[in-house]
Amino acid sequence: MPEAPQQSHAGWPRLWQSVRRQRRGVLYGVLAGVVWTVAKVAVPSVVRVAIDDGISEGHHDDLVKWTLVIVALGLVQGVFMGLRRYFAFGIAYRAETDLRHRLFAHLQRLHFAFHDHAQTGQLMSRLSTDLQQIQGFVVMIPITISNVLTLLAVTAILLSTNVGLTFLALGALPLINVFAKRFSSEIHPESLALQQELAGLATVVEETVTGIRVVKGFGAEQTQADSLRAAGSRVFDRSMNLARIRARYWPLIDFLPALGLVAVLWYGGHQVIDGKLSIGELVAFNSYVVMLIAPLRMTGQIIAQAQRAVASAERVQEILLTAPEVVDKPDARPLPPGGGRVEFRDVRFAYAPGSRPVLDGFDLVVEPGEAVALVGPTGSGKTTVARLIPRFYDLVDGSLAIDGVDVRDMKVKELREAVGIVFEDTFLFSDSIRANIAFASPDAEPERVERAARLSGAHEFILDLPDGYETEIGERGFSLSGGQRQRIALARAILADPRVLILDDATSSVDPAKEHEIREALTEVMSGRTTIVIAHRPATIALADRVVLLDEGRVVAEGTHDELLASNERYREVLARQEDGDGVADPDDVVVA
């Protein structure tokens, strides 16, 4: 994944935005927490009255009365604790879901150049692990507010009861604050580093599973196991660093509040003996001090969770702050009517600033309904031409127009709906064959799906499958042969009924016998439709009305297949190399894969 700009302070604003979207749920959770706090804080005071007025004075009726009050307060605590947790988890899950949808939508808006370099494991980590860390923080908000209210209420009650005892009970707070700040400053960079290492581990797993055929084909299981072991070791080291930081600070944060309880028992006990404090008051005071311990203990946990959430929010923000480079202009025009005329004028394009141009002074006009085959040696720019038409990338210089309008002035969605592409590297989704063919039109009638399959030569083999068109295919369609996958991809493009059809070596994985059937189907599909064919087999090239020879990013010759074969030595050389298996793949494919 490319280096993102440093956003060291971007985490908190992202967390705040996520919480602000759920402010109503936060309000309800806080209100439930307030009622829970009031009921909880009231119990020691009722206990004090029960001891002093009931037990010490021997008033049985008062004892029963205050006992029932304590039971009622316990019920209120239970009910509102449940409501507080319900609202807390509700806002957390909604915040996580909302952020996941926003992140996923933004990833789909991002340009091809971003995805060329982004690691899938890193992106998956942000959509899963990082969002879970944010969710874990958001769920703590109502709970943390309740704890803060408890601390404030208990402190006020303690001060009103006995100032001296209060200072003894709270004397450790300054030390807790110092250690908490140090804990926060140390744990944040380690939390961020751990999230990065976890994403790296996810990348190794994802690439190994996705490329398992390559791994097994080269007997490289041990190599991948070593890579996983190395990534796992880095995760372990970071996790142990975090554990060491927690091990240094949490015992202190846990121990210091207990010192206050010891001081209260010692000093308060002497005050009871001297008659300056009642037994009920001492019991209540101790209860309040004990009530302080749990919130203070949670300080370390809250800080750790907050830092992990901030680190995760920064990683999510890196994606959300990446601006899409291919977007609609403010005055973008809808797709104009027309037959699909494609016009390149003095086009210059490179995949990276400062790199060698893939296209340099490229000119080409494809008339409506014309079929043009692009032929050229490896690296000549054939696939790049196909990628520029639907505006996967923007030109560096020159112009590209469809039906007289520059593609940069059109609405991107309408442009891409009008351009159908069958890629050489076929990708199918883990769904039924019908759903894959009808991908661009999910509500397409069965007749349209079957017609597209017939035209692509896929109908017969689909009927031979266990469930026909409803057969579920595995991830990326690897349960099918390469030729079968390519025919389904071709049917998918046919069903979309595009104005401009691009066949990027679409018959390369089809056996010669079946290719003959597909070529016959393609003849019908291409009839009257603007078609650009990137092909290496002479029989497929011959389907085109015109053949364009590319070399070093420019058009060097044009004509029919037979004309070029008879008159152009360079064309004959290119075909000869491709028939020998050399130069079958354009390096453009590597760049945009």
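**Sheet, hairpin and helix packing in a predicted model**

An open sheet of 6 strands is present, in the order E6-E7-E8-E3-E9-E10 and with mixed pairing; two strands pair if DSSP finds at least two bridges between them. Helices (H or I, at least four residues) and strands (E, at least two) are DSSP runs, numbered from the N terminus. Strand E6 (419-422) and E10 stand at the edges with a single partner strand each, so one side of each is left without a neighbour in the sheet. Direction ignored, neighbouring strands of this sheet are turned by 20 degrees against each other on average. Helix H17 (residues 482-496) packs on the sheet and touches E6 and strand E7 (500-504), contact meaning heavy atoms within 4.5 Å. The direction of H17 makes about 175 degrees with that of E6; axes are lines fitted to C-alpha atoms, for helices over the stretch in contact, and angles run from 0 to 180 degrees between N-to-C directions.

The model is predicted: local features need pLDDT of at least 70, side-chain atom pairs count only at pLDDT 80 or more, and totals for chains, interfaces and linings use all residues. Residues are numbered from 1 along each chain as its sequence is written, and side-chain values use heavy atoms, with hydrogens and water left out.

Strands E9 (residues 546-551) and E10 (residues 554-559) run antiparallel and are joined by 5 bridges. Val-548 stands opposite Glu-558 in E10, and Asp-551 has Arg-554 of E10 as its bridge partner. The hairpin of E9 and E10 has 2 residues between the strands, and Glu-552 takes a positive phi near 55 degrees there.

Helix H3 (residues 60-109) packs with helix H6 (residues 140-161) at an angle of about 135 degrees, the axes being 7 Å apart. H3 is therefore oblique to H6 (angles under 35 degrees count as roughly parallel, over 145 as roughly antiparallel, 65 to 115 as roughly perpendicular and the rest as oblique). Arg-84, Arg-85, Ala-88 and Ile-91 of H3 make the contact with Pro-142, Ile-143 and Ser-146 of H6.

In helix H15 (residues 446-456), Val-449, Ala-452, Ala-453, Leu-455 and Ser-456 are buried (under 20% relative accessible area, with exposed over 50% and partly exposed in between; 1.4 Å probe, protein chains only). Seen down the axis of H15, the buried residues fall within an arc of 160 degrees, so they line one face of the helix; the arc is that of the directions from the helix axis to the C-beta atoms. Glu-447 and Arg-454, on the other side of H15, are exposed. Gly-457 follows H15 and has a positive phi, near 80 degrees.
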